[in-house]
Amino acid sequence: MWHKFATHLPQLTVQLVVATLPPNSTMEDDEAYWNPSPSGNFSLRTAYAYLNDTVSTLPRLPWSLVWKWIGPQRIKSFFWLLLNRGVLSNAERNRRHLTDVDRCHLCQVESESYFHLLRDCTAVKDIWLQIIPIRFQAFFFNPYISFVDWCFGNLKEDSQKCSVIEGTLKKGLLQPAGDTQLRAVFWSCPLQGFVKLNCDASITGALSSAFGGGLIRNSSGRWVGGFVSNLGQCSILRSKIWSIFHGLEYALSINARNILIEFNNAIAVDMINDVVLPSASCLSLVRQIRQLLNAFDSAHLSHIHREGNFVADSLSHHAYTFDPGVHYLSEPPDCIASWLFHDLVGVTYFR
Ligand SMILES: [Zn+2]
């Protein structure tokens, strides 16, 4: 269907429209959303913090937290440089007119801001997810906090945040490998009466197009159905949330009543499960997903590491060859046959 628009609109515009949720009768009305505030409501405090951040006035900062932090000197120096905007990320180089391209050279997708470089890039996020304790993740991955607050919040030692950086370095980076507790990661069949949906998404190409894929298996681990989707142009987080949406729509269309959903993006899972507030760009999609979840007799969404989600990952790559839109698959494509077997026999990874 989307190719009909290609003769009337620029390709980029079509890609952006494909990635936009169409209006429907179950959607709530549009509403104003104040992005700097986690609740979406305007407040003077967040407006002040926002302005303070954007005009680059140097606020009074607790620098002693940097210099008193117990750890290698080179890391202290790195923190100090970061807080003074002295680390030349591509976004910073672009701000100083040293380059025209502000993109991250690892993922080639997003602007290489400090947040992206240190926390949000797909190349680093999985590492953080392995070593940041779950109770700190809502703070650590908070998309609304300012960079400076995030840095000092991570350095600060109090009962709540308990020096995330220190704990992480001690637990995950500075400790000998033998001391870390390994966790087994593998795909497992759902219980009798349930189906399991695994889905994933990826971004590729010159236009940074997003592609999704997913599959449903029964309690014997056998293929029930699957889908691939060419999602147009959107962020990696949004594309991953799209893939859950398409997977749930498909599960309802085949009359699945009890469903387990496994997904390897912890932030998306937390947004849908209402553990963290959804970002403004994902809000309407997250709400639609919650409505779809309510349509099942039983539905449970959880995070799985990528080693347990290889089939869905492979399907999202298979989607590159498909036109924009969602395409349902009644039979598994040949390219995932070995991964299906891999899951069925329970190949286990330790991390
Ligand atoms: Zn990146």
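The axes are lines fitted to C-alpha atoms, for helices over the stretch in contact, and the angles run from 0 to 180 degrees between N-to-C directions.

What you have here is a predicted model, where local features need pLDDT of at least 70, side-chain atom pairs count only at pLDDT 80 or more, and totals for chains, interfaces and linings use all residues. Residue numbers start from 1 along each chain as its sequence is written.

So, the overview. The protein chain has 16 helices and 8 strands; these are DSSP runs numbered from the N terminus, with helices being H or I of at least four residues and strands E of at least two. Of the 351 residues in the chain, 30% are buried. Buried here is 20 or more other C-beta atoms within 10 Å of a residue's own, exposed is 12 or fewer, and partly exposed is in between, with C-beta atoms placed from the backbone.

On to the helix pairs. Take helix 15 (residues 310–318) and helix 16 (residues 337–344): their axes come within 9 Å and cross at roughly 165°. That is why helix 15 and helix 16 are roughly antiparallel to each other. Who touches whom? Phe310, Val311 and Ser314 in helix 15 meet Trp339, Leu340, His342 and Asp343 in helix 16; a contact is two C-beta atoms, placed from the backbone, within 7 Å.

Now compare that with helix 12 (residues 236–253) and helix 14 (residues 283–294), which pack at about 25° with their axes 10 Å apart. Helix 12 and helix 14 are therefore roughly parallel to each other. On the helix 12 side the contact includes Ile241, Trp242, Ile244 and Phe245, and on the helix 14 side Leu285, Ile289 and Leu292 are among the residues they meet. By class, that contact has 11 nonpolar, 1 polar and 2 charged residues. For the classes, Ala, Val, Leu, Ile, Met, Phe, Trp, Tyr, Cys and Pro count as nonpolar, Asp, Glu, Lys and Arg as charged, and the others, Gly among them, as polar.

Helix 12 comes up again in the core. A nonpolar core is a set of buried Ala, Val, Leu, Ile, Met, Phe, Trp, Tyr and Cys residues joined through C-beta atoms within 7 Å. The largest one has 49 residues, and Leu231, Ile241, Ile244, Ala251, Phe263 and Ala268 have the most contacts inside it. Helix 12 gives the most to this core, with 9 residues. There is also a second, separate core of 5 residues, including Phe79, Leu83, Trp150 and Cys151.

Last, a few loop residues. Val276 sits in the loop between helix 13 (266–272) and helix 14, and is buried, with 21 other C-beta atoms within 10 Å. Its C-alpha atom is 9.1 Å from that of Phe141, 135 residues away along the chain.

Then Arg85, in the loop between helix 5 (73–83) and helix 6 (90–95), has a positive phi of about 55° although it is not a glycine. Asn255, in the loop between helix 12 and strand 5 (258–263), also has a positive phi, near 65°. Buried or exposed, then, for Asn255? Asn255 is exposed, with 6 other C-beta atoms within 10 Å.

Note on methods: Angles under 35 degrees count as roughly parallel, over 145 as roughly antiparallel, 65 to 115 as roughly perpendicular and the rest as oblique.
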